[in-house]
Amino acid sequence: MIDVEQAKDNAPCRITVCSWSVNTTINLRDPKQVAELFERSAGVVRTSKYLQGSALHLPAAGQMVVTGDLHGNIPHLEALVQLADLSSSPNNHLLLQEIIHGQPLVNDVDLTHRALARVAELVAAWPDQVHVILANHELSQLRGTSVGRGSGDNVQQFNDGLTFVYGDSWVDVSEAINCFIEALPLALLTERGLWCSHSLPPARVMERFDFSVLERPMTETDRKGPGGAAYQLVWGRSQTESQIMSLRERFGVELVCIGHAKVESGAESVGKHLLMLNSDHTQGAAVVIDLTQIPSAVQAVAQSIQLTTLVNRGASP
């Protein structure tokens, strides 16, 4: 556990928070460096060669590590980076989602902006290989709307964490973080039929859902709940088989991968075509998917990797 004085000194960039280390090339206590990182990475996301409208479209080449919610779990994030092996091939990809708003709190504040900064740095370093999709907690942070995971208002705790570290400069960092979140796409689709999004629209609105949001830039109306298309896509729960069949018919989807669920085993199949992933807890998991041959949901679960095992043995697959 770190204390207030340790959090505010000018120590090197390897920062330990509750035994979790964050490795970055910048000083995470310097508000100017951190703000510049988020702004630069936002530009990288917006100019991705795979971005069309509000969705990424990847070809049938290589492989991708697909994850569920991370909620600030730094050891799991670093294990995922090692598992993705980005330097060995330009066709190795890593998909991340829901990075912020996690436990444990430090001095009653949320410091998961550090994990988000690490992700932003990965995006800048591997612009065509590390992909981050919008999730409901990032959307709530962007809009300043209260959201909780059983421990109070996560948005306020996150803002308190920024104030704790950056003092009066916290607003500058917050605005840069919002710039990064605002740039995030809603979904990732591949040529062979893989669909990745944080969730799906509620079943009751699926037939009238505005899928055009994937073909154009998101608007403020899209992000506003409860009727905005982006809001519905990241907040929907209790997916049905008919929803998956609708996606198969409309987009030629073979496998739908989502987070936004408490999956005790880390990976769970619902029928043949829906995979639910959770990557933040002790049983958290990820799946390495061959983009040339998309597996069924059952096959994907069988291939899933518990991230704690990678952490314990140095992230070797």
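These are legends for several views of one predicted model.

Local features here need pLDDT of at least 70 and side-chain atom pairs count only at pLDDT 80 or more, while totals for chains, interfaces and linings use all residues. Residues are numbered from 1 along each chain as its sequence is written, and side-chain values use heavy atoms, with hydrogens and water left out.

View 1. Helices (H or I, at least four residues) and strands (E, at least two) are DSSP runs, numbered from the N terminus. Buried residues (under 20% relative accessible area, 1.4 Å probe, protein chains only) make up 56% of the 317.

**View 2. Five strands line up as an open sheet, S7-S6-S5-S13-S14, with mixed pairing.** Two strands count as paired if DSSP finds at least two bridges between them. S7 (130-133) and S14 (305-306) sit at the edges with a single partner strand each, so one side of each has no neighbour in the sheet. Helix H3 (residues 74-84) packs on this sheet, touching S5 (63-69), S6 (92-97), S13 and S14; contact means heavy atoms within 4.5 Å. H3's direction makes about 160° with that of S6, using lines fitted to C-alpha atoms (for the helix, over the stretch in contact) and angles from 0 to 180 degrees between N-to-C directions.

**View 3. Zooming in on the S13 and S14 pair, the two strands run antiparallel.** S13 covers residues 285-290, and two bridges link it to S14. Ala286 stands opposite Ile305 in S14.

**View 4. S11 and S12 make a hairpin with three residues between the strands.** S11 (residues 267-270) and S12 (residues 274-277) run antiparallel and are joined by four bridges. Val270 has Leu274 in S12 as its bridge partner, and Gly271 takes a positive phi near 70°.

**View 5. The largest nonpolar core holds 79 residues.** Such a core is a set of buried Ala, Val, Leu, Ile, Met, Phe, Trp, Tyr and Cys residues joined through side-chain atoms within 4.5 Å. Phe38, Leu96, Phe180, Leu186, Trp195, Leu214 and Val256 touch the most other members. Leaving aside residues up to four places away in sequence, Val256 touches Trp195, Leu200, Ile244, Leu247, His273, Leu274 and Leu275. A second, separate core has 22 residues, including Met64, Leu255, Ile289 and Ala300.

Methods: Buried means under 20% relative accessible area, exposed over 50%, partly exposed in between (1.4 Å probe, protein chains only).
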